[in-house]
Amino acid sequence: MNTKPHFDFLRQFFNSYECPVIEESSHHLKVQLTSQMDEEIMNRPFYWHYMKKMNRPGDPMRLTFTHTDHAQDGGIFLHAGTPKLHTIYQTAMEKGKTARLYEVIQQPIQNGALTPWLVINLLLHYRGKQTKDEPLSFGLNLIHGTLIKGMMECLDGHDFDRKVSDYCFPMTPVINLKSAYSRIEKFVENYTTTLDDSWIKDSLHQLEEEKSLLDSFYASEDIGLDQFTQEREQLDTRYRPRFSIEVINGGIFYMSQQTSQHLLMKKQP
Amino acid sequence: MIEIQKDQSFIQTLTNHLDHPDKLTNWDGFKLAYQAATFTTIPQFDGLLALDHLPHVDFLEHQVDAANKVVHQMNGRAILADEVGLGKTLEAGLILKEYMIRGIAKKILILTPASLVNQWVQELNEKFYIQAASPRKKQAAWKDWDVTVTSIDMAKRELHREEILSIPYDLIIIDEAHKLKNHQTKNYQFVQSLKKTYCLLLTATPIQNKLSDLFNLISILKPGYLGNLTDFKKKYQTHAKNNGNIEHIHSLVGKMMIRNRRKDTGLDASKREVVNERLTFTEEEAALYQELETLKRNHPSFTWLTLAKELCSSREACYMSLKQMKSNAESESENIYDYFIEKIGQLPHHVKAKRMAEIIEQSGEKFIVFTEYRATQFYLQWYLQQHGISSVPFSGKFNKSKRDWMKQLFKNKAQVMIATEAGGEGINLQFCHQMINYDLPWNPMRLEQRIGRIHRFGQEKNVKIYNFAIENTIEDHIMKMLYEKIEIFKNAVGDLDLILEQIPGGSFDQQVQSIMSQSESQGEIEIKMNNLVSYVEYSINERRESS
């Protein structure tokens, strides 16, 4: 089983949140947590509550992750289902929910105006007889409203900072955030109509079939009205095909004219 | 146009956060969040993601197939009816995990016999990384707990009932669901009125007596699927002999039920080796056994039956009954009991106990010993201790924590566990692969349950079973008649339970008991037992041919 992506993720995660890696080998990874990170992922609120009350710094833990099940030194066996990994995913998503970032410009450029973009990453959930979801990433130019799909991939290789680089200034958005966001929603709505709809048909078919079974059972007085209504609702939850949109994260990204142009060239939708 | 549920809150959050820069993240944090989200997505409709999440559990092929089928073909409502010991719990756990990963099951309720609650909680935690809660006495936070394990009896109490019924559960799992076969019981009605999206019923015996049992189970899952009850009865019950109808219903039910059999799963890798040990009473013991027969003349027949059976087990068991009988008897007839008590006191150690200690000492491995009597249980514990063999007692009457503790002790410290009959259900002891049936139960199904404690999914070694019986006693009859003829050990019993329950004129136990107590002579016992056995054989063969 390939556990490399999980290790890569953890390494990046701990790096970004200033938890130093203290040991690393081909079979394990050991990190020193900061107090803040310990509080967030180690689930020991009483300890930290106590430490704060006592005005003491506390002793943040060290975590060891290993590649295998052989718990030689009590490490956490890291794989797709490791509970700690999922806690960390949750923390990463909570901490990285919103942003306002400016492209890092190393050398002074001719035109220092930075174009604002709304970047929205979302999950499109498909729910019916079966379920799945699809991550989608969008960027909407807040000056003239051009929409780009696969935004995160496009931004790969660019660097952003919370501060504006020297000799640059952000432009004020023309389109406000709410209407920019609803344009993205509209786009997703349209997108759903272009998809293969066999799963929708399957689900509806199943729903109708089971509804009629239930109707006949009710007609023969084998169940009461309450039971019948309840079962009807349950069938609906189980089979009625629907989508839902869940935003992972989003923010305003200011980019140089050059980068903006570049993105527009790659424009996908 | 298909409904699209939108994310209403995000853009508001973003607007707020833009005014509070400390809530905003940097580029790395932003990328990490997106990455984390893509790691947790469900890329496709098909398949079991749970398998990647649980690399430390070795699921068997039939378990994975079952989970796959339930999730993707049966749409999450099904009866899991594998034979005993094939890992129904693991299948249910796998399905549960899959639904949790797919994000469509958050509120989950697991109803199981009280004795299995701890085991479920433990397995969910260790094997599936699922934290489950179970209510104790008055502490119950049904609304706050996402995954709850409890017994039906607890759940339907006045105190909890309303609250539980008000919660829309995403998934409900009911273990030992054959207890819901009657739709007029409170339990059945309670389960039927639970709010549930997905539902799994676990049972090794989906049909206990009649086809309508199955009708009622299916009605929980898919009301109307088998038509209505009146028509169903007309169609199937009155013409139960008509095989065409039965086949029809089998094919219908097949879409709602998964039933793996031992012989199809390769679980036979672990074989059973059965040794029937015929022991001989010492002269004193044999003489006393003979003397007991004199009781037959002027006492109710069960008096002799009880005492004879007990004498075959231990002096102590017999003594306890004698004492009991004496205290109930009138003063002039007390003498006879005193006489026997006196005689019993003079007997040497029991032959079975000696043999048992011998076997255990020779092998040096872990053993589970089953007896029918508590007095025997105490005696054996003492006897083993005298031989320097450590042992723990086990009984179904122990409370939850004591059971768990005894099991732990047996696993880590003691060499032998001595269990009474009531301990048969609800403990798994795969780490042990040798069993001594110190006395044999009169119902072969109960023996099957005993064996099921060690010969089950997860057992890696061959299982060795010793059955004790004493020559020329009723035990000998039981062994010869029941166990050797029915060949119970060769084919793990699938349909036998059904047949045994269907014998006309009372259950199997009752039959044996009345044969034993009402017969005048050895010959009569043998003839009657032969009849009973051939009836069972006949039913088995008939069933085999039809399937």
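Predicted model: local features only at pLDDT ≥ 70, side-chain atom pairs only at ≥ 80, totals over all residues.
Strands of a sheet pair through backbone hydrogen bonds, in either a parallel or an antiparallel arrangement.

The contact between the chains draws on 68 residues of chain A and 57 residues of chain B. On the side of chain B that touches chain A, two or more residues are given by each of β1 (4-5), α1 (10-19), α2 (27-39), α3 (50-53), α9 (186-193) and β6 (196-202) of chain B. The largest share of this side comes from α2(B), with twelve residues. By residue class, the side of chain B that touches chain A consists of 25 nonpolar, 22 polar and ten charged residues.

Chain A contains nine helices and eleven strands. Its domain assignment gives domain 1, covering residues 4-95, and domain 2, formed by residues 98-196 together with residues 243-266. The centres of domain 1 and domain 2 of chain A, taken over C-alpha atoms, are separated by 31 Å. Along the principal axes, the C-alpha atoms of chain A fill a box of roughly 75 × 55 × 40 Å. The radius of gyration of chain A is 25 Å, whereas a compact globule of 269 residues would have a value near 18 Å. Of the 269 residues in chain A, 33% are buried. Among contacts in chain A between residues at least 6 apart in sequence, 70% join residues at least 24 apart.

An open sheet of chain A comprises four strands in the order β1-β2-β3-β4, with mixed pairing. Strands β1 (21-24) and β4 (76-77) of chain A lie at the edges and have a single partner strand each, so one side of each is left without a neighbour in the sheet. Three bridges connect β1(A) with strand β2 of chain A, residues 28-32, and this pairing is antiparallel. Within this pair of strands, V21(A) has V31(A), in β2(A), as its bridge partner. Helix α1 of chain A, residues 4-16, packs on the sheet and touches β1, β2 and β3 (62-66) of chain A. The direction of helix α1 of chain A makes about 15° with that of β2(A).

In chain B, strand β9 (residues 367-371) is mostly covered, with five of its five residues buried. In a regular strand, side chains alternate between the two faces of the sheet. In β9(B), F367(B), V369(B) and T371(B) point one way, while I368(B) and F370(B) point the other way, and all are buried. Strand β9(B) pairs in the parallel sense with strand β11 of chain B, residues 416-420, over five bridges. In this pairing, F367(B) stands opposite V416(B) of β11(B). Strand β9(B) is also joined by three bridges to strand β12 of chain B, residues 434-437, and these two strands run parallel. Here F370(B) stands opposite N437(B) of β12(B).

Methods:
Residues numbered from 1 in each chain as written. Chains lettered and ligands numbered in written order. Contact = placed C-beta atoms within 7 Å. Nonpolar A, V, L, I, M, F, W, Y, C, P; charged D, E, K, R; others polar. Pairing = 2+ DSSP bridges. Axes fitted to C-alpha atoms, helices over the stretch in contact; angles between N-to-C directions. Domains from an automatic or database assignment. Buried ≥ 20, exposed ≤ 12 C-beta atoms within 10 Å, placed from the backbone. Rg over C-alpha atoms; globule rule 2.2 N^0.38 Å.
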